[in-house]
Amino acid sequence: MNPAYATVDHTFTVPLDHRAPDGPTIEVFAREVADPARAGEELPWLLYLQGGPGGKSPRPSAGSPGWLPQALRTHRVLLLDQRGTGRSTPVTARSAARFGSPERLAGHLAHFRADAIVADAELIRRELCGDTPWETLGQSYGGFLTLTYLSQAPQGLRACYVTGGLPGLTATADDVYAHTYPRVRDRVLDLYARYPEDAPRLRKIADLLAAGDVRLPDGDRLTPHRLRTLGLALGMADGFERVHWLLDEALGEDGELSDTFLHQVTTLTGFTDNPLFAVMQESLYGQGAGPTGWAAERALADFPEFAEDADPLLLTGEMMYPWMFREIAGLRPFADAADLLAARTDWPPLYDLGRLAANEVPLAAVVYHDDMYVDAGISLATARRIGASRVWVTNEWEHDGLAASDGRVLARLMDLAAGRA
């Protein structure tokens, strides 16, 4: 029992493959949260769909996550650890190493996309709510899940709220990265405009790494291209400051990289807690239109400003590259399986375009105008193809506006869905 909230832990046994319900099973964990003063009331359910992929739901503490107090005014919240994350039969480097063959591991991982997560959610809804539909709150990748939910089981939904996560319904991985690189470039240049000293400092660090064999605390070599993945943080409200202050302490008095810097880089770039984020990233866009084929790596050739000898040196963002699965300890057990996933051509569709066009479930979404991770133009094109959708476009918040706004973003979306705004 959290002193700020009334909580109940739930564990559900679900099929690994919902098309084979008598086959292997996994466990899925979810935490029910209510205002202690209303814990005994029959409140409507709000299912939280975390961003990612590969991210577990937040662990509640007093006033955190920032949107939770707002939600608990009117709802009972279910914080779902999506399959493979948190306490839901987690997929880790250790568990991946036990599969024995890349083919077996790739076959297992193919069951961790949006369609399976939605099937889990429906099984859980029926167990908790019977035939009563619930509401969903999808942050980032949670918005992708929402549209799959509306495609597969709209009867389970009463209203949906999406924050920074309307995907392209027919966009390929190539389409996505063609839009992503320019947004990341502009964000890095904005960082350098705010902190001019960061550009030469980053170049100095990269040159130091290129000239020698610098090891991280876990034994991995820190290379210039791994250094550049620190740009993943730049799309969040505090991203510029997180990167700036990390670089500020990077070099010790002896001119070598500081232990503090190396420790933080290990944590930020190691994927120890969320390997599925890297492993499943491009499979989000696989829908039978050919292999994703390491699209981010292929697209990189179209943007020479991202070359490692370019000036200024640019950080990268939410892109996953084949080298990561050979050079990062937490991803190495997935390397050959990740290649197989990248080559797969028979991914089933995740969105039912006809059903979405005829949708009658109120959908309220916020599109962040300057979102580094999810292209605003693609999101708005998607919104125009979904019935009963209302969209709020803003540049007041970054991609983490749901958490950073202390409930104001969620309150606005609830008003939109209910026709109050």
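Author: Let us start with contacts, meaning heavy atoms within 4.5 Å. In the protein chain, 77% of the contacts with a separation of 6 or more are between residues 24 or more positions apart. This is a predicted model, where local features need pLDDT of at least 70, side-chain atom pairs count only at pLDDT 80 or more, and totals for chains, interfaces and linings use all residues. Residues are numbered from 1 along each chain as its sequence is written, and side-chain values use heavy atoms, with hydrogens and water left out.

Reader: How many helices and strands does the protein chain have?

Author: Helices (H or I, at least four residues) and strands (E, at least two) are DSSP runs, numbered from the N terminus. The protein chain has 18 helices and eight strands.

Reader: What percentage of the residues count as buried?

Author: Buried means under 20% relative accessible area, exposed over 50%, and partly exposed in between, with a 1.4 Å probe and protein chains only. Of the 421 residues in the protein chain, 57% count as buried.

Reader: Is A343 buried or partly exposed?

Author: A343 counts as partly exposed, because its relative accessibility is 48%. A343 lies in helix 14, which covers residues 335-343.

Reader: How far apart are A343 and G290 in sequence and in space?

Author: In sequence, A343 and G290 are 53 residues apart; in space, 8.3 Å separates them, C-alpha to C-alpha.

Reader: What does the C-alpha trace span along its principal axes?

Author: The C-alpha trace of the protein chain spans about 65 × 45 × 45 Å along those axes.
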